[in-house]
Amino acid sequence: MTGRLAGLAWLMLGALLLVWPAFLNGYPLVFSDTGAFLHQTAPPPSGPLVIWDKPHVYGPLLHLFHWRISLWGPVLAQGLLLSHLLWLAQRALRGAASGGVHLLACAGAAALTTAPFTIALLMPDVFAPAVLLALLLLGFARDRLSGAEAIWLGLVAALGIAAHLSHLPLAAAIVVLVALVARRVVPVLRVAAPIAVAVLVLMASNAVLHGKAALSPHGATFALARLQADGPAAAVIRDRCPESGWYLCAFADRLPMDSDAFLWEVDSPVNRAPDGTPRFLGGALLSAEAGAIVGETLRTRPLEVAVAMIGNTFRQFTLALAGDTLVDSHLAAAVRPRIAEAFPARELAAYDGALQSRGLLPAAAAPFLLPHAPVLLLGAALALLAWWRAARAGELRRLGLVLGVLVGVSANAFATGALSKPHLRYEARILWLMPVIAGLALLPRRA
């Protein structure tokens, strides 16, 4: 019992380190999309609301820990989740976990990498590193886990994959890696099982909430946003209009345009008709036509699409900083009303008094961001060194975890950069694992 209490204490200390930006801010970090996730479980009359472009997963998970009392509950839960996963990773890489090393790993991640700016942010981004670690531990370190821990990791991976569609390609890449490295069926099945559960969760929830059993009922709109921004889909629209009769023919002269502007600006083709009439849920209304245009683009211009995807993937690798997790963009309209309508007055006062909501967080956090870029570069070198040492020693467990992180960060860059749009926070949410896992892998093993 004493050992378990000591272990829990180490985990809680690690969790507090991993969410320190929330304490600097005076409140958990939020993003404009955080408001949509809060809306998923908001009380009447404004909620609960089914959001057309987001799985109905992360919002209920937030509610599980806030109960319309305080958002500190979810952020502390996220810190504890990643702290526990790093504890298990240390055990897998070193044979046994040490409280001192765990605290050192969490402190290093908190002080030198982008990790705390992802973990303290109430967004499904936190599940990108969680999914990667959970699947790698299931695939390469099952012998270092108890039965309950294996079940827990499977649940974390399944919910994390379902929480954001970009985690699906990431998980699929790990299945392929485990198949190539482990060369056994059982590890592959262990890693594939959470993906199957996530797919079932998404299809069932979308069937109930959207009337369509699909992974993403309106995902074609997002694919079109990316393809027209890169040019191929815009060219297809110009070539096929006006004969095709597509709604977007009326906007052919405005394309290509930035994908975020295409999806979200009030005056974009998605959200305002040619006669100036606003289109409520324009992205959902466009999805059927978007699917047709995306299909035609892939059929007629596959090389252009491939070149653009490769370029966006590499560009995403160069964007791995915490900047866009600190700003107050759209928070007053997207997040504050959700807190005001559902939470106690003291919670709204805490939100209003936070540095982020007052636009002061970027300046306050700036000195802490300086180590991030050089540490990420050092992490790449350490990861390659750890990979070489594990391969030379024939240590499958270490090799799988280190190589898995490299594969995972690459798959994440593809899933976000090539399929969505390169953003700072997309790669920052996961690239911090590279120096942390490499550092643990290079430490001597414990008896």
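Is arginine 397 buried, partly exposed or exposed, and what is its relative accessibility? At 22% relative accessibility, arginine 397 counts as partly exposed, where buried means under 20% relative accessible area, exposed over 50%, and partly exposed in between (1.4 Å probe, protein chains only). The model is a predicted one, so to speak of local features takes pLDDT of at least 70 and to count side-chain atom pairs takes pLDDT 80 or more, while totals for chains, interfaces and linings use all residues. Residues are numbered from 1 along each chain as its sequence is written, and side-chain values use heavy atoms, with hydrogens and water left out.

Now for the charged pairs. A salt bridge here is a side-chain nitrogen of Lys or Arg within 4 Å of a carboxyl oxygen of Asp or Glu, and the count by this rule is 18. In one of them, arginine 397 pairs with aspartate 143, with the closest N and O atoms 2.5 Å apart. Arginine 397 sits in helix α22 (residues 396–418) and aspartate 143 in the loop between α8 and α9, so the bridge ties together parts that are 254 residues apart in sequence. Helices are DSSP runs (H or I, at least four residues), numbered from the N terminus. Aspartate 143 itself is exposed, at 54%.

Arginine 429 and aspartate 125 make another salt bridge, at 3.7 Å between the closest N and O atoms. This one also links distant parts of the chain, 304 residues apart: arginine 429 belongs to helix α23 (residues 424–431), aspartate 125 to the loop between α7 (115–119) and α8. Both partners are buried, arginine 429 with a relative accessible area of 0% and aspartate 125 with 2%. Elsewhere, Asp33, Asp53 and Lys54 are joined in a salt-bridge network.

Helix α8 (residues 127–140) comes next. All 14 of its 14 residues are buried.

Last, the second largest pocket holds about 380 Å³ of space, a volume being the space filled by probe spheres set on grid points joined across faces, edges and corners. A pocket is an open set of points on a 1 Å grid over the protein atoms alone, where a 1.4 Å probe fits, with protein on both sides within 12 Å along at least five of seven lines; lining residues have an atom within 4 Å of a point. The lining counts 18 residues, and Phe65, Ala77, Leu81, Phe127 and Trp152 lie nearest the centre. Helix α5 gives the largest share, six residues.

Definitions and conventions. Helices (H or I, at least four residues) and strands (E, at least two) are DSSP runs, numbered from the N terminus.
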